[in-house]
Amino acid sequence: MTYQHILVAVDLTDECDPVIGSAQRLAEAVGARFSLIHVVEPMAMAFGGDVPMDLSTLQKQQYDQAGERLNAFAARYPTLDVKDCHLTYGQPRQEIHRLAAEQKCDLIVVGSHGRHGLALLLGSTANDMLHGAPCDVLAVKIASKKTS
Ligand code: AMP
């Protein structure tokens, strides 16, 4: 089984680097193309969907800032083409699955914090990604930061 197009989901935190690094090494090893996706979530969703004010300006700023951060990430990976960096708006699982199907990706790579207990009950993007995925999903373990 060899992959041809790997889609890496990035949350634009510094934790993305090991996730992108693993995907890039895998892509190089099997000769696959690789793309990035970041999904900007609707602010109203974060506030529980019932916000008595217009969030459109804030939302646009958030979208533009995410675009700048995504470009900055892409610049660190010379093998990555700008046209393979996708910024979309919506619910992460739906958008990542939609783009994976649209771009004919055969592997989605996500970071996984390996959460347990209450955090697991609340769910994680990596866990969520498995449900209804149009292709294989690889969860790259993100090392937990030590607090002093
Ligand atoms: P989480 O469990 O939600 O902290 O996220 C774990 C992983 O899910 C991240 O390392 C990314 O691979 C992916 N992810 C989380 N949020 C997003 C997002 N908004 N867009 C794309 N990927 C995301």
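Let's start with the overall layout: the chain has six helices and five strands. Helices here are DSSP runs of H or I with at least four residues, strands are runs of E with at least two, and both are numbered from the N terminus. This is a predicted model, so local features need pLDDT of at least 70, side-chain atom pairs count only at pLDDT 80 or more, and totals for chains, interfaces and linings use all residues. Residues are numbered from 1 along each chain as its sequence is written, and side-chain values use heavy atoms, with hydrogens and water left out.

Read along the sequence, the pattern is β-α-β-α-α-β-α-β-α-α-β. The chain has 148 residues, and 39% of them count as buried. Buried means under 20% relative accessible area, exposed means over 50%, and partly exposed is in between, with a 1.4 Å probe and protein chains only. The accessible surface of the chain is about 9000 Å². Carbon and sulfur atoms hold 55% of that surface. These areas come from the Shrake-Rupley method with a 1.4 Å probe, and for residues only the protein chains shown count as cover.

Now contacts, meaning heavy atoms within 4.5 Å. Take the contacts in the chain with a separation of 6 or more: 76% of them join residues 24 or more positions apart.

Next, the sheet. What is the strand order? The sheet is open, has five strands, and runs S3-S2-S1-S4-S5 with parallel pairing. Two strands pair if DSSP finds at least two bridges between them. Strand S3, residues 85-89, and S5 stand at the edges. Each has a single partner strand, so one side of each is left without a neighbour in the sheet. Neighbouring strands are turned by 25° against each other on average, direction ignored. For angles, axes are lines fitted to C-alpha atoms, for helices over the stretch in contact, and angles run from 0 to 180 degrees between N-to-C directions.

Two helices to point out on this sheet. Helix H3, residues 56-75, packs on the sheet and touches S3 and strand S2, residues 33-40. The direction of H3 makes about 165° with that of S3. H4 also packs on the sheet, touching S1, S2, S3 and S4. The direction of H4 makes about 150° with that of S2.

Look at strand S4, residues 107-112. Is S4 mostly covered or mostly open? Mostly covered: five of its six residues are buried. S4 pairs in the parallel sense with strand S1, residues 5-9, over three bridges. S4 also pairs in the parallel sense with strand S5, residues 136-141, over six bridges. Val109 in S4 is the bridge partner of Val8. In S5, the bridge partner of Val109 is Leu138. Val110 stands opposite Ala139 in S5.

Stay on S5 for Val137. Val137 has a relative accessible area of 23%, so this residue counts as partly exposed. Which residues does Val137 contact, leaving aside neighbours within four places in sequence? Leu107, Ile108, Val110, Met129 and Leu130. Val137 and Ile6 are 131 residues apart along the chain, and their C-alpha atoms are separated by 9.7 Å.

Over to helix H4, residues 92-102, which holds Ala101. Ala101 is partly exposed because its relative accessibility is 47%.

Now some backbone angles. Most residues other than glycine have a negative phi. Leu12 has a positive phi, near 70°, and is not a glycine. Leu12 lies in the loop between S1 and helix H1, residues 16-30. Leu12 is buried, because its relative accessible area is 7%. Lys104 also has a positive phi, of about 55°, and is not a glycine. Lys104 is found in the loop between H4 and S4. Is Lys104 buried or exposed? Exposed, because its relative accessibility is 69%.
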